[in-house]
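Some of the terms used for a protein model rest on cut-offs.

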Amino acid sequence: MIRKIKQRPEDWLTVTPQGLYCVPGDFYIDPPGAVARAVITHGHADHARPGHEHALTTPQTLDIMRHRFGPGGVPDGQSLDYGTSLRIGDVTLRLEPAGHVLGSAQAVLEYNSQRIVVSGDYKRRADPTCAPFEVVTCDVFITEATFGLPVFRHPDAGDEIAKVLHSRKTNPARSVLVGVYALGKAQRVICLLRAAGYDAPIYIHGALEGLCALYERHGIALGALRSVTDAQTGELAGQIVLAPPSAARDRWARRLPDPIVAVASGWMGVRARARQRGAELPLTISDHADWDELTRTIHDVEAEEIWVTHGREEALIRYAALHGISARALSLVGRDEEESQ
Amino acid sequence: MKAFARLLDALAFQSARNGKLQLLQEYFATTPDPDRGYALAALAGDLKLRTAKPKLIRELVTERVDPELFRLSYDFVGDLAETAALMWPATEGHCDPDGSPGLTDIVEGLNRLTRSDTPEQIADWLDRMDATTRWGLLKLITGGLRVGVSARLAKTALAELGHVAVSEVEEVWHAFDPPYTEIFAWLEGRDPVPDISKAPTFRPLMLANPVDESELLAFDPTAYFAEWKWDGIRVQVVSQRDGNGTLQKRVYSRTGDDIGDTFPDILDGIDFEAVLDGELLVVRDGVVAPFNDLQQRLNRKRVDPKLLDTHPAHIRLYDMLVAAGEDLRDLPLRDRRVRLEDWFGKTQPTRFDLSPILDFSSWDALSKIRAGARDSGIEGLMIKQADSAYQAGRPRGPWFKWKRDPLLADAVLMYAQRGHGKRSSFYSDYTFGCWRQDSNGSDVLVPVGKAYFGFTDEELAQLDRWVRNNTTNRFGPVREVEPGLVFEVAFDSIHPSKRHKSGVAMRFPRIHRIRWDKPIEEADRLESLEALIE
């Protein structure tokens, strides 16, 4: 007689050298290299890679991937709307909003009445450029921990944007150069500026143009944008300019009149980090959950187990232990299995 | 405290001097007394405050948050005040902007509290603050703001507030204590210039302009005094009786910082009433020691009694500003010199001597004297109009400095680093090296110095292009380049140094010429630099 033992979640969602692998569905989630079948949580380069034979993600992320990798980089893309269930092998997959960037999703996997949520990157703050994070209760919740230390408490983004506007006002001869990632942060900063009543044209680096246009196509209104390359000499004084963070150190920046270098990132909350990045005006604006959001979320999802991935796993695991929640680092899951064999 | 913390935060991220000045002025203009005065004192390093030990801060935090989470956080942030400020638990509804304590409450509170009451009071303040304000408070009470503001810069901002010269602020500065309400009242036109006659204040120094021989030829040599420019640090000795008849003794640096505590040997030698201008040196048996020896006595919090013996301080006098309460600054130099010599002959103070006046009949003769100077204690010549009054600042004309010709070496560019501010997209800081033989007998370059000026904007653009096209390796903001470009480097002197791999350190190095034409093999060898050590 076969005795039925309790199914362990790590038996059907495992860490392999190719990435996080769902055994009964035969697919990877955000694999770092090209694989046969991949589910993608969002379009950032450390999650979405080109060359998968088959990629499944939200329509917005699929659009972002096609924009970034060209049609050849996503030969067979399939889109799945938020909230729609799809059966893959013996697994049911559903994508729910993660609130990180446009199209970002949590992958909700169900197998033999066990539910694992792979959150990808997420935040809980209001963001007009993407659908808000959806709490999905589950047995196992896989959380990021990019800002998994109690020193990370992101201030209100509106207050940070007020600094940009103040800086612009008090330095009419200079331009304010805000360093932003091309996907997500750029569009969010633009929307925050608009929400603060700034309706003048915003100048953008060429690397941001395509994704800004893509956001517009998805119904995110960004207002008047102008290309820095087309600007006349003198036109950029007193203007707000957005560019990838590295551009400030690039020869490209020489066309700007004595720029005030602002950097919008969650790391800016720690002064040594902000100085390292050469920020004169650090703006703590993050698309990742801060400490309070992370700790709130691991309570909200009511999971039996929390798996913590990329970032400062140790502190979040410590927090969970102090609150009677079972948690471990995801990278250790694979190693544990090896040791038990 | 909130406004002061915001100021500190902004200053910490502002690397440009003008940007810092703008922030300081804005703060002084919009902050009421006495807060701004205490802020000024804190920035100028003149705020006497009962400080809190790092241990106390650590205890306060770990009473409130898990010690393990604190350890992990501190490990990441690397700064105790910042870690504590960021992770201090927010007290709901407690942190209203009006309820947060002011800088004055904090300064006065700390000086009133007993040691045992202090921790509880600090915790209460922290509860009522936001993260940036907590950081500012913790920086203030743990000592060392480190936001890149010198006392001089703070005073410059203050002077601009009152539209006066910074020398005027420096002159009254030492007559008052924090929170300097008298100084603010004067600068804002509410009070006349304060009376400082009874205070041992700093008299702003008279400085000289650089000159070369061709410029000197236009002047009449008999109208000038010449003396050696000694290679120490310029100081002003102030000794006068206060209202109670007590002798107040000060040794001020060029920028008006009181460095007397570092030089008790000098203070002990003062038993007179005068204000004197001179050069602080280390002198052994009448011989001036290299600048490096003096360097070891500077910027020390605690005086090392051994160094007092091995590195005895001495002041070589140039000028006399006040004699027995009489201000001599409006007299011509020749009369001041007579007063100085008379006074010196009568007083014979220990640890002081006179800088001799050199005898010369023509500029050519003086040039020969200058060329013959090989003493390591001599930086060049001072040439002063005999009828010049003692004026604050660097007036054009009356005083010149004619430095010794710089030493030159050909060195090879090895590393380049991006600059700051306007130069942040340019590789503008250059590390260069000379040849030496390694243990295998082959020639290798070893860094001998670093310079970031001496070239035009146009040359900077060319250098930047060269660096970008010849990069072999990157380390953060630094690029290693393929050896291929020779600089003719100028420097004032060169000294042995244990801190540098090459074993030598250049004083005041700058790029003299860019030798686009010169093959790197023809650059100097380390041995020829070592031969220049005096």
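Q: Why is A:Val91 called buried?
A: In this predicted model, the relative accessible area of A:Val91 is 0%. Buried means under 20%, so A:Val91 counts as buried.

Q: Where does A:Val91 lie, and which residues is A:Val91 in contact with, leaving aside its neighbours within four places in sequence?
A: A:Val91 belongs to strand 8 of chain A, which covers residues 91-97. Apart from those neighbours, A:Val91 has contacts with A:Cys22, A:Pro24, A:Gly25, A:Leu86, A:Leu109, A:Glu110 and A:Tyr111. Each of these contacts has heavy atoms within 4.5 Å.

Q: What makes the pair A:Asp127 and A:Arg188 a salt bridge?
A: Their side chains meet at 3.8 Å, N to O. The cut-off is 4 Å between a side-chain nitrogen of Lys or Arg and a carboxyl oxygen of Asp or Glu, so the pair qualifies.

Q: How many salt bridges are counted between domain 1 of chain A and domain 2 of chain A?
A: The count is one salt bridge. The domain assignment gives 9-151 + 288-340 as domain 1 of chain A and 157-283 as domain 2.

Q: What area do domain 1 of chain A and domain 2 of chain A bury between them?
A: They bury about 1500 Å², with 72% of it on carbon and sulfur atoms. On the side of domain 1 of chain A, A:Leu102, A:Thr129 and A:Phe147 lose the most area to domain 2 of chain A, together 32% of what that side buries. In contact are 18 residues of domain 1 of chain A and 14 residues of domain 2 of chain A.

Q: Why does A:Arg271 with B:Glu82 count as a salt bridge?
A: The closest N and O atoms of A:Arg271 and B:Glu82 are 3.3 Å apart. That is within 4 Å, so the pair meets the rule. Between chain B and chain A the count is four salt bridges.

Q: Which element gives the largest share of the side of chain B that touches chain A?
A: Helix 5 of chain B does, with seven residues. By class, this side of chain B has 10 nonpolar, seven polar and 11 charged residues.

Q: What area is buried between chain B and chain A?
A: The buried area is about 2600 Å², and carbon and sulfur atoms give 56% of it. In chain B, B:Phe13, B:Leu69 and B:Phe76 lose the most area to chain A, together 29% of what that side buries.

Key. Residues numbered from 1 in each chain as written. Chains lettered and ligands numbered in written order. Predicted model: local features only at pLDDT ≥ 70, side-chain atom pairs only at ≥ 80, totals over all residues. Heavy atoms only, no water. Domains from an automatic or database assignment. Buried area = accessible area lost by both parts, 1.4 Å probe. Helix = DSSP H or I, 4+ residues; strand = E, 2+ residues; numbered from the N terminus. Buried < 20%, exposed > 50% of the residue type's maximum accessible area, 1.4 Å probe, protein only. Nonpolar A, V, L, I, M, F, W, Y, C, P; charged D, E, K, R; others polar.
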